[in-house]
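Subject: Structure handover

Hi,

Here is the structure I promised to pass on. Please open it alongside this note.

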Amino acid sequence: MRRDPTEHDRAALGSLDTAYVDGVAELSPDERRAIEARLAADPAVRAEHAAVRRLLARMRAVPPEGSEPDWSALERSIREAVGDELPRPWWRRWTWMAPLATAVAAAVVLLVVWGRPAPSPVRRGLPVLERPAPAAELTDDDSIALWLDGAEVDVDPIAAEALVEPADSDDDVTDVGLLPATDLAWVDNLDDEALDRAEHWLAGKKKG
Amino acid sequence: MVSLAAGLPLLERPTRVTPADPDLELAERFRAGDRAAFDLIVRRHQKGMWRLVRRYVKRDADAADVTQLAFVRAFRGLGAFRGTATVRSWLYRIAINCALSWLRDHRREQPTELAEDALLADNPAPAQISASDDRAWLRKAIAQLPPKQKLVLELRVFDDLSFKEVAELAECSENTAKVNFHYAVKRLRDILGADHAP
């Protein structure tokens, strides 16, 4: 069954006809053959093509608008305007680098400022002596592990607290722990007898 | 069977379809550092560029200025040209952009177009009256076309561009350019009517 051509079909066919009249070489061989078959079969199509051809020829005969300039003079003026130097490619021009460098520097500063970890409270004293979590209330029964001389020793946390200087006592020189955590030179001055006593005490703590 | 197309006069017209862009070699030479290649491009295209610009800009001297500006921009940008369009359609696109930009900046300075048929009163020669009359009718009829159809028709007829180049400049597909061209011709015939039909 043959269907009636739609507006789209007519536009497609018409555009091919007009394009054929104005430049047959720009059509595909199939398009060209289809139009030539219609031209051969239909005198109305031939008349239509002839009318379009005459109109286009008439338009092409219209001279360009205005009075054309002196082409040599225009060529010279263009040459003067562009100059003799070849333009640098954009990546070799320095002008774009200034804002880029500024942006990079700003990004680095922001990273340094915001990326720095929050300062931890100054903890002076024996590094192994971690303070118990503040939520847990210390009692006499609690103990914490202390590593000394490769051996683990349970230490009463309340007693351990007393060994370390309070963290917030920087300015209060009178409020110091029993053992000065900042200056451990006294350890070097202990004699053998004192060391023996300490070891003995530690061994006793291990067993107990 | 003899092909009818073989006898059609338009088949003798030189084809606009070029297998390769004839300006591409010049563009490549320019990119390689040959400054003189740009002068050849200017020599080849300044006339077409000026005529194209002159259709937008109504004073000859202004058209020359805009053409010069378009070439300056082309000189700066040719190094980045990658050959996705022809050099000619790339140049023409720059020229159209420059012309439109110039029109925006000088909107109030544009002279009102002097109707060519009004000039006929000063020139009674019959042959010239006929030619000018025809020209004036055609220009008026073209001016009445929708912008896209007008652009496509002018690029095709006055600038002698291929449908591929027209499509590049009109920013549409080649088929759409052909359809617009067809409608422009059809409408032009309607506008001109029987009295002014060829």
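Predicted model: local features only at pLDDT ≥ 70, side-chain atom pairs only at ≥ 80, totals over all residues.

**Chain A**

Chain A has eight helices and two strands. Read from the N terminus, the order is α-α-α-α-α-β-β-α-α-α. The chain has 208 residues, and 22% of them count as buried.

**The interface**

Chain B puts 60 residues into the contact, and chain A puts in 51. Together the two chains bury about 5,000 Å². Carbon and sulfur atoms account for 63% of that area. The polar side is there too: 17 residue pairs are in polar contact across the interface, both residues at pLDDT 80 or more. On chain B, the elements that give two or more residues to the side touching chain A are α2 (36-54), α3 (60-77), α6 (126-143), α7 (147-157), α8 (163-170) and α9 (174-192). That side of chain B divides into 29 nonpolar, nine polar and 22 charged residues.

**Salt bridges**

How many salt bridges does the structure hold over all chains? The total is 24. Eight salt bridges cross the interface of chain B and chain A.

One of them pairs A:R79 with B:D39, with the closest N and O atoms 2.2 Å apart. A:R79 sits in helix α4 (residues 71-82) of chain A and B:D39 in helix α2 of chain B, so this pair joins two chains. A:R79 is partly exposed, at 35% relative accessibility. B:D39 is buried, at 15%.

A:E68 and B:R51 also meet in a salt bridge, at 2.6 Å from N to O.

Within chain B, B:D23 and B:R44 form a salt bridge at 2.5 Å, N to O. The pair links distant parts of the chain, 21 residues apart: B:D23 is in the segment before α1 (24-31), and B:R44 is in helix α2. B:D23 is buried, with a relative accessible area of 3%. B:R44 is partly exposed, at 48%.

B:D34 and B:R29 make another salt bridge, at 2.9 Å, N to O. Both partners are partly exposed: B:D34 at 26% and B:R29 at 31%.

Finally, there is a network. Salt bridges with shared partners join A:D22, A:E26, A:R60 and B:R156.

Best wishes

Methods:
Residues numbered from 1 in each chain as written. Chains lettered and ligands numbered in written order. Heavy atoms only, no water. Contact = heavy atoms within 4.5 Å. Buried area = accessible area lost by both parts, 1.4 Å probe. Salt bridge = Lys/Arg side-chain N within 4 Å of Asp/Glu carboxyl O. Polar contact = N/O pair within 3.5 Å; in protein donor to acceptor, adjacent residues only side chain to side chain. Helix = DSSP H or I, 4+ residues; strand = E, 2+ residues; numbered from the N terminus. Nonpolar A, V, L, I, M, F, W, Y, C, P; charged D, E, K, R; others polar. Buried < 20%, exposed > 50% of the residue type's maximum accessible area, 1.4 Å probe, protein only.
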